[in-house]
Structures are given as C-alpha cells and as structure tokens.
Amino acid sequence: MEMNKKGENNKHFVLVHGFCLGAWCWYKLVSMLKLSGHRVSALDLGGCGVHPKQLHQISSISDYLQPLMDFMADLPDDQRVVLVGHSIGGIPIALAMERFPEKISVAVFVTAYMPSWTDPPATLIQEDLELGKMLIRPNLFFLDEMSKESLLSEDRYGSIKRCYIVCEEDEVMEEEFQRYNIEKSPPDDVVSIPGAGHMAMLTKPKELCFYLLELADKYN
C-alpha cells in the first residue's frame, strides 16, 4: 500500500461503528489511513464508546444518530467524505446518506446492513432472524421508527455510489446474509476479503485499508 504525499488527492474517511462497539474499534485502520495521508474521523454514536450519554438516556433513533448527523451538518458545503459503516452501522450511514447526499462521495458498507430505498431499514433486521434475536433491544434499535417507508429515497440515498465489502468468514453476519443484502439492494461495487471475520478492522486491517483506498479513488 503506497502512501500519498501530504495533500495529494487526500480524502476524508468517516467511520461508523456497529453494535456494542465504539470509535475505538477502528484504531488500527485509523492509523493506516492517516499514514497514507488521509483525514479520518471515527465517531461514537449516542450512548456508545465514550459518548457522554448513557444507553438509557437514548430514547429515539434521533438521539442515537445525533453525533453522526451533527458531524455531517458541520462539514463545509464544498467537502465530500467517504462514509464507512460496519455491521448495524450500515443503517446509520444510510440515513446520513439520505439527509446529506451532497456531502458524500461514496458510501462503503463493511459486512453491514445495506437497506434499499424500496423497503424500510428495519426490514433487514427483521429478516435476519438469528441476529435479530440478539440485537432487538428496547431503547436501541427503534424498529417502530425504522419501519417507516419514507426514511430512504431513490433520489437522495439512491443517488450516492454504494460499495459493499464482504467478509467471507463472518460468523455474526454470515456471508449468505451479506450476499442477501447485495441482492436486495445492488451496490455499484462488491469486493471480498477472504478469511475475514466480523471484526475485519481488527483482524484484517491492511486488507480493509487497501480496499477502502481503492474504492475511494475509484469513486472520487
């Protein structure tokens, strides 16, 4: 992986974690992307990581997503980011894509839920029954709110280039379910990481970094 000269085609990667995690989970990838000359922002969603609110204080999907939405709103109007979501983090980045399509150059779903604009985001969680049994908890995934059909649209969410990174040895979101996401909502690009489990950012950081840089360059 070649390092860019400072300021040469550098990009801004925004990393959004998944279930029971926080910005900390990206620490290996953050270092690699920064060493390659890029800007990186890893965020804690509401009630996660070192975010000041406790989980019981998060009463709506808006509370949960507020750190991401505030971050996107504060970006300069002329800046576009590479938005990356892991696992359940695919749904927060999808909602950010819907709200701020003009600020995103490409969205990358890493072994993640990738909703379509034809079905409510909650559909994927409800269809993934085994994972759903583990994930559906009060005051966290807000299935009632995410069951609204108007949350995503083709002209906003659907206007952004989407890429999917398959982790072939994921035992949490098995490859079959990842492929189901891809089939239901076909992205612009699909790449696979052989031997990668659910936490590819920790176990296969070099490979993940390589593909993120490759996709970011392709859809700049």
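Guide: A contact here means heavy atoms within 4.5 Å. Among contacts in the protein chain between residues at least 6 apart in sequence, 74% join residues at least 24 apart. The model is predicted, so local features need pLDDT of at least 70 and side-chain atom pairs count only at pLDDT 80 or more, while totals for chains, interfaces and linings use all residues. Residues are numbered from 1 along each chain as its sequence is written, and side-chain values use heavy atoms, with hydrogens and water left out.

Of the 220 residues in the protein chain, 57% are buried, where buried means under 20% relative accessible area, exposed over 50% and partly exposed in between (1.4 Å probe, protein chains only). The chain has 9 helices and 6 strands; these are DSSP runs numbered from the N terminus, with helices (H or I) of at least four residues and strands (E) of at least two.

The strands come first. Six of them form an open sheet in the order β2-β1-β3-β4-β5-β6, with parallel pairing; two strands pair if DSSP finds at least two bridges between them. At the edges are β2 (39-43) and β6 (189-193), each pairing on one side only. From one strand to the next, the twist averages 20°. Within the sheet, β1 and β3 are joined in the parallel sense by 4 bridges, and Val-14 has Leu-83 in β3 as its bridge partner.

Helices pack on this sheet. Helix α3 lies across β1, β3, β4 and β5 and runs at about 165° to β4. Helix α9 (residues 205-218) touches β1, β3, β4, β5 and β6, and its direction makes about 165° with that of β6. For these angles, axes are lines fitted to C-alpha atoms, for helices over the stretch in contact, and the values run from 0 to 180 degrees between N-to-C directions.

Now the nonpolar cores. A nonpolar core is a set of buried Ala, Val, Leu, Ile, Met, Phe, Trp, Tyr and Cys residues joined through side-chain atoms within 4.5 Å. The largest one has 39 residues, and those with the most contacts inside it are Leu-68, Met-72, Leu-83, Met-97 and Phe-109. At least two of its residues come from each of β1 (12-16), α2 (61-74), β3 (81-86), α3 (90-99), β4 (104-110), β5 (161-167) and α7 (175-184). The largest share, 7 residues, is supplied by α2. Leaving aside residues up to four places away in sequence, Leu-68 touches Val-16, Leu-43, Leu-45, Leu-83, Pro-92, Ile-93 and Ala-96. A second, separate core has 31 residues, including Leu-29, Val-82, Ile-165 and Cys-209. In soluble globular proteins, nonpolar side chains tend to be buried together.

Some single residues complete the picture. Ile-91 is found in helix α3 and counts as buried because its relative accessibility is 2%.

Ser-87 sits in the loop between β3 and α3. Its phi is near 60°, a positive value in a residue other than glycine, and Ser-87 is buried, with a relative accessible area of 6%. Thr-111 has its place in the loop between β4 and α4 (122-127). Thr-111 is not a glycine either, yet its phi is positive, about 35°. Because its relative accessibility is 0%, Thr-111 counts as buried.
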